[in-house]
Amino acid sequence: MTGRTTTIRTKLGAVLGVALLIVVGLGAFSMTQLDAVHRVTQELHNLWTPKIRALDAMQRAATSHRLLAIRRMETTNFRHLAALGSGLRTAEDSLGDARERFRALPRNREETALLVAFDEAWAGYETSFEAVADRLDGGEITSAARAFHTQTLPAFDAATLELDRLTAAADRHAREAEEKAAGVQQKARLLIGAAIMLAVGLAVGAILWASAEITSPLLRVSRAMQRLTAGYHAPLELGGEARRDEIGVLMRAAEGYRESLIRSREFADQAAIERRRLDVAINTMPIGLSMYDAKQRLIVCNDRYAEIYGLPAALRRPGAAFEDILAHLRSAGFFDDLDLEGFVRSLSLPLAERQAFVGAVDLRDGRAISITYSPMPAGGWVSTHEDVTARRKADAQIRHMARHDALTELPNRVQYMEALECALQGERAAELAVLSLDLDRFKIVNDTLGHGVGDELLRAVAGRLRAAVRAGDVAARFGGDEFVVLQRAGRRPEGVAALAERLIEALSRPYRIGDHQLVIGASVGIALASEVGIDANRLLKCADMALYRAKSDGRGAYCFFAPEMDAEMQSRRRMELDLRAAHEEGEFRLHYQPILDLKTNRIVCFEALMRWRHESRGLVSPAAFIPLAEEIGLIGPMGRWALRRACRDAAAWPAQIAVSVNLSPSQVAMEGLAAVVQAALAESGLAPERLELEITENALLAETEATLTTLRRLRALGVRIVMDDFGAGYSGVGYLRSFEFDKVKIDRSFVLRMAEDKRSMAVFRAVTSLGADLGIVTAAEGVETAEQLERVRGEGCDEAQGYYFSSARPADEAAALIERFNGPATQGGVERRLSVLPGGRLSGSDAALGG
Ligand code: C2E
Ligand code: CA
Ligand code: CA
């Protein structure tokens with residue numbers, strides 16, 4: 001774009017220049033007109049007036065001369081003649097004078113010609129008159145008179161005619177000059193008027209232009225500026241981009257001003273926000289903050305500062321004197337006079353020397369305040385005040401915690417080790433015994449009832465332990481459900497054994513935790529310094545090994561360390577490694593044990609039982625590796641595998657045969673079990689009603705909402721839920737009511753003891769009849785003989801499982817088993833199947849395991 005590059009100054013200069021030119025021109029023009037008028041006037045005055053006057057005088061003189069001449073002719077008196085003579089001379093002189101005056105003035109040709117004609121005529125008259133006079137003097141009066149009238153007077157008339165002509169010409173010329181003057185004046189008036197009109201027009205144009213080009217834009221700019229300063233920030237839209245002159249500059253400057261105003265408003269807003277933030281920050285600081293000037297007057301303090309010292313509003317305001325604040329501290333009773341003086345004294349020196357001061361004061365109300373004073377460059381100081389009461393308590397707490405178990409308040413490992421080391425240094429070191437305790441079934445409680453209950457239980461255990469040990473002995477918690485006791489003066493093993501028994505007995509009594517009645521047990525491993533040596537770590541390790549043995553021997557027992565346990569521990573660790581490897585290598589297999597319907601004597605289900613064949617260990621019993629898998633957290637993935645495998649195998653069986661898979665309590669407690677089951681079903685295409693899941697009462701120990709939700713969700717899938725090993729634990733029939741089980745498997749110990757033990761028989765009967773009432777299928781486990789089978793059948797049990805029918809067999813034998821019990825797929829018939837019932841136990845690896 002081209003833009004108007006001419007500046008206002010140039011424009012104004014141009015306008016003023018033009019105006020000036022006009023004014024000068026107008027002036028000059030007026031001057032010329034005035035000059036013209038003047039010239040004409042001058043001419044009139046200098047030329048025509050004298051000319052007319054001279055001609056007048058000539059006329060008068062001529063007239064006078066004629067009159068005198070006539071009288072001369074008539075007079076005879078000498079005296080009169082003399083007077084007439086002088087009069088004639090005077091008239092002649094006057095005429096001569098006037099003629100000379102006229103002659104001296106500029107003349108035109110006409111006048112000159114007329115003058116010459118007059119002169120000649122006059123000269124003729126004079127000559128004629130002189131001749132007449134001579135005749136008179138000579139006395140020739142009559143001829144003189146005749147000559148006078150015939151010659152002189154006509155000569156005079158001729159001269160007068162010439163003079164009249166001259167006068168008429170002069171008059172004409174004078175009138176012409178006058179008319180010319182009037183014309184010049186008129187013209188001048190017109191021209192000056194026109195010039196004034198033009199000047200006025202130009203002035204109006206200049207004003208309009210200035211208004212459009214300068215004033216209006218300036219007004220727009222100033223209005224925009226007013227709006228801006230009034231706080232309206234809308235774009236000004238002055239259109240100054242196209243202008244290159246000063247107004248354009250001004251407009252752009254206004255735009256720039258607006259932008260900078262907006263920016264500065266933004267800055268101001270930002271600053272306000274920051275100030276508020278700072279305010280918030282300073283007032284939400286957990287630390288008191290105050291700032292004093294060189295005159296020890298408060299500049300600023302935050303809420304916390306006022307809060308710590310309970311400052312009234314007047315002392316919080318800027319300007320409050322430090323002295324008044326000290327007086328307040330004294331009167332509010334935060335300090336003794338002495339304390340306060342001491343404090344101020346300790347403060348004054350560093351402040352005087354402009355050094356920072358860090359200290360702490362104990363207020364009389366028990367609070368401890370940590371204080372820092374930092375001098376400021378301009379005098380005065382900044383101080384921070386922190387209530388460290390809680391921190392001090394926390395420090396003490398930390399010190400306590402470093403040596404105590406947080407949950408139970410029992411001494412922790414640190415304190416226990418100190419006590420043990422210390423005791424081992426003593427004279428009676430050889431009499432020391434280390435007892436390592438482990439709670440049986442605690443893990444289940446924790447997994448199923450939740451950590452809250454678990455923690456409560458641990459606290460209760462700690463209480464019982466504390467009560468059970470004698471003064472001087474130390475009971476400590478090392479973590480989890482691991483407790484350790486240090487017994488001094490356990491001179492004889494019998495004393496230690498008594499303590500171990502007492503501990504087991506104390507810890508095995510039922511606990512009441514919230515709504516739960518819990519029964520756990522305890523196992524104890526014992527290491528004697530007299531046997532193991534006086535090495536603290538070794539003692540603990542040996543006690544742990546003894547504990548492991550105690551646990552594997554059957555829970556709720558104690559065991560002394562024996563040297564061969566070392567080897568056992570190592571083998572257990574090896575087993576753990578092997579188990580992990582087995583899982584990774586896929587060394588597990590599922591075997592299937594048939595479960596028969598006692599009415600039809602047909603296989604209705606196979607229970608999937610895990611098998612591990614290890615290259616050097618041979619076949620490892622699930623009873624040995626499942627608990628280990630649970631302990632080391634491998635049960636989740638292993639269980640998932642078992643579920644998928646079992647579903648896939650079962651999908652190949654006839655549709656009326658179900659598969660039953662065992663679930664560990666921790667699996668039931670795991671989130672997402674339903675999803676795992678659903679995936680296994682979907683993947684294998686197995687109908688949900690063909691899958692049974694066996695859980696033990698341990699899984700239900702916690703009837704937590706989560707567990708029940710998981711079970712309900714599984715049931716909603718169409719899967720059947722089976723209570724396994726019923727009666728083997730502590731539970732009663734109550735569990736059966738807690739959830740709608742589809743089936744209950746009565747533990748094989750009942751089947752085993754039914755014949756001789758009336759109680760077992762009674763429980764068995766109660767369960768089967770309850771099952772019949774509640775519509776729960778009952779199954780007897782561990783049926784090994786025909787006799788047992790008959791008894792079980794006699795008690796109304798629906799299903800049975802046991803070596804009598806078959807031990808668990810590899811998957812590829814399932815078809816044979818089905819054919820054996822249910823007949824070939826095409827045939828059927830109870831009689832026929834009965835005839836092939838096996839007579840006794842089956843040989844094979846599983847039977848060996850089961851025994
Ligand atoms: P369980 O669920 O009670 O399984 C029945 C156990 O009794 C099996 O032992 C089986 O071989 C054995 N048995 C069957 N009939 C008789 C009999 O007539 N007489 C005797 N004396 N025993 C019989 P197994 O296979 O050694 O399994 C032991 C336990 O390991 C199972 O007890 C179960 O609790 C657990 N288990 C096995 N597989 C799995 C698994 O895949 N997952 C989980 N979580 N646990 C499993
Ligand atoms: Ca089972
Ligand atoms: Ca069982």
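In the predicted model, a polar side-chain atom of Glu 607 lies 3.2 Å from an oxygen atom of ligand 1. Further polar contacts (pairs of N or O atoms within 3.5 Å) involve nitrogen atoms of ligand 1: a backbone N or O atom of Met 610 lies at 3.0 Å, and a polar side-chain atom of Glu 784 at 2.4 Å. The protein covers 88% of the 780 Å² of accessible area that ligand 1 has on its own, as given by the Shrake-Rupley method with a 1.4 Å probe. Ligand 1 is surrounded by 20 residues, the closest being Gln 593, Arg 611, Asp 724, Glu 784 and Tyr 803; a residue counts here if one of its heavy atoms lies within 4 Å. Strand β14 gives the largest share of this shell, four residues. Helices and strands are DSSP runs (H or I, at least four residues, for helices; E, at least two, for strands), numbered from the N terminus.

The calcium ion (ligand 2) is coordinated by Glu 607 (OE), Asn 662 (OD1), Glu 694 (OE) and Asp 724 (OD), at 2.1 to 2.3 Å. Donors are N, O and S atoms within 2.8 Å of the metal (3.2 Å for Na, K and Ca), and sites may look incomplete because water is not among the atoms. Along the chain, the donors of ligand 2 follow the spacing E-x54-N-x31-E-x29-D. Distant parts of the chain are linked by Glu 607 in strand β14 (residues 603-614) and Asn 662 in strand β16 (residues 658-662), which are 55 residues apart. Glu 607 is buried, with a relative accessible area of 4%, whereas Asn 662 is partly exposed at 27%; buried means under 20%, exposed over 50%, and partly exposed in between (1.4 Å probe, protein chains only).

The calcium ion (ligand 3) is 3.6 Å from the calcium ion (ligand 2), and Asp 724 coordinates both.

Residues are numbered from 1 along each chain as its sequence is written, and ligands from 1 in the order in which they are written. In this predicted model, local features need pLDDT of at least 70 and side-chain atom pairs count only at pLDDT 80 or more, while totals for chains, interfaces and linings use all residues; side-chain values use heavy atoms, without hydrogens and water.

Notes. Polar contact = N/O pair within 3.5 Å; in protein donor to acceptor, adjacent residues only side chain to side chain.
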